[in-house]
Amino acid sequence: MKIALLVGLIISAAILLAPPLARADASSVRTDTILPDTPALTLVELTDLALRRNPQTRLAWAALRSSEAGVELARAGYWPQIDATLTAQRNRSLNFSGLPSETQTRYGASISLSYLLWDFGSRGGLLDQAKFELASAQLSQAQILQDVILQVEQAYYLVLGLQAVVAANRQSLNDAGTNLSAAQDRKTSGLATVGDIYNVEAALAGVKLALQQSEGQLAIARGQLAAAVGDSPDTLLPVAAWEEDITPLMPPQSVAELLAAARDARPELLAAKARERAAAANIDVTRGRGLPSLNFAANTGRTHVVDVGESSQFSALLSLNVPLFAGFGDRAALKQAEAQRDTALATHDDLRSQVELQVWQAYQNLRTASVTLDTSAAQLKSAQQAMDVSNARYRSGLNTILDVLSTQTALANA
């Protein structure tokens, strides 16, 4: 099911760009306000929009088309070059005595052919290099699509998480307001001191600060989600809640198996390997430029001279070009090509290390989340119960306001 969903999302990237979502005026609408007439977007819908509208996907498609054209350009070297020429001339020249000759008018047509018959692999190296660059562009495009999908997912879950944080902070603000009212009533009755009022007011201010900070973080997350989809950061994108079970499950593979799978399947690693092979093919191209090549050229045409008559001409030429000396430029170009290959090899090794580290960190994060989720739920339940008991004891005069504030802080953290 997940594979079919991913394939469907990638295919949808070829659909025409969707019209932009309606934007709200940032000066009149809060960025955490959801327009009532805007339908909530699911993760699948957001991902589909991103694949069709994110500029990175369009750049990937453009790079892929450029590489495809590069292969066709390299294949053109295996075909002869044919040119047709039409000429018309009217001239009058001077003879050996300096007197003008008769004026002549001539016109004609000719066709020429030039064909590289054989070289030492320069032409083949160009084609191999273009093919590897095309493979790299295809794999890079796949990686960009995966990156866009990941950006949308991360922003989506971040928005949902911060919405929950804002809701929790608002509940804490309500609890702090209730505590302040209770403390003021107790002070009026002579059961609380001014210090208790100050403590509650300080706690209330802290809760307000936490709420303001979480609202700002939520606004940033909404902007990140809108940008990932391809809209301006001030675009309001109401998100639908995730309805499926999101309990983290550990993969059946071991971390060593996951590392091996990443080395064999990650598109950016495969693209780096293709670039390494393209750099190796470029060495053959550079080496072949300093070796002999065999060319064939032919020309035929027919010329008509007014008041004189017509004549035809033709020529055929077979030439062997042997480079003898180019100021040591060929040797320098070969060293440069070898250095580029070494750079591509080192880049591949460095990228492989980064991918392995990403897989390792993701595996450890997932394992940590899976073992702490139940603990966090138990902590939240206990903190809520402790808050209820502390409020009841405070109303009965058995707890101080500091006890209430302590349990309130524990509940907010939970």
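A residue is called buried here when its relative accessible area is under 20%, exposed when the value is over 50%, and partly exposed in between. By that criterion Tyr156, at 1% relative accessibility, counts as buried in this predicted model, whereas Tyr157, with a relative accessible area of 37%, is partly exposed. These two residues form an aromatic pair with edge-to-face geometry, in which the ring centres are 5.2 Å apart and the planes make an angle of 75 degrees. The count of aromatic pairs comes to 3. A further arrangement that involves a ring is found at Tyr78, where the charged end of Arg123 sits over the ring at 4.6 Å from its centre.

The strands were examined next. An open sheet of 4 strands is present, in the order E1-E2-E3-E4 and with antiparallel pairing. Strand E1, which spans residues 81–91, and strand E4, which spans residues 309–321, stand at the edges with a single partner strand each, so that one side of each is left without a neighbour in the sheet. On average, and with direction ignored, neighbouring strands of this sheet are turned by 15 degrees against each other. Strands of a sheet pair through backbone hydrogen bonds, in either a parallel or an antiparallel manner. Strand E2 (residues 104–118) and strand E3 (residues 293–305) run antiparallel and are joined by 12 bridges; within this pairing, Leu113 has Ala298 of E3 as its bridge partner.

The structure holds 11 salt bridges, among them one between Arg53 and Asp231, for which the closest N and O atoms are 2.4 Å apart. Because Arg53 lies in helix H2 (residues 43–53) and Asp231 in the loop between helix H5 (194–229) and helix H6 (255–265), this pair ties together parts that are 178 residues apart in sequence. Both partners fall under the 20% limit for burial, since Arg53 has a relative accessible area of 5% and Asp231 is at 7% relative accessibility.

Another salt bridge is formed by Glu215 and Arg170, with 3.3 Å between the closest N and O atoms. Glu215 lies in helix H5 and Arg170 in helix H4, so the pair ties together parts that are 45 residues apart in sequence. Glu215, at 16% relative accessibility, counts as buried, while Arg170, at 40%, counts as partly exposed. A salt bridge is also found between Glu356 and Arg263, where the closest N and O atoms are 2.6 Å apart. As Glu356 belongs to helix H8 (residues 329–395) and Arg263 to helix H6, the parts tied together by this pair are 93 residues apart in sequence. Glu356 is partly exposed, with a relative accessible area of 24%, and Arg263 is likewise partly exposed, with a value of 34%.

The surroundings of one alanine were also examined. Ala183 is found in helix H4, which covers residues 122–188, and its relative accessible area of 0% places Ala183 in the buried class. When residues up to four places away in sequence are not counted, Ala183 touches Ala192, Ile197, Val200 and Tyr394.

Definitions and conventions. Residues numbered from 1 in each chain as written. Predicted model: local features only at pLDDT ≥ 70, side-chain atom pairs only at ≥ 80, totals over all residues. Heavy atoms only, no water. Helix = DSSP H or I, 4+ residues; strand = E, 2+ residues; numbered from the N terminus. Buried < 20%, exposed > 50% of the residue type's maximum accessible area, 1.4 Å probe, protein only. Contact = heavy atoms within 4.5 Å. Pairing = 2+ DSSP bridges. Axes fitted to C-alpha atoms, helices over the stretch in contact; angles between N-to-C directions. Salt bridge = Lys/Arg side-chain N within 4 Å of Asp/Glu carboxyl O. Phe/Tyr/Trp six-rings, centres within 6.5 Å; stacked < 30°, edge-to-face > 60°. Lys NZ or Arg CZ within 6 Å of the ring centre and 35° of its normal.
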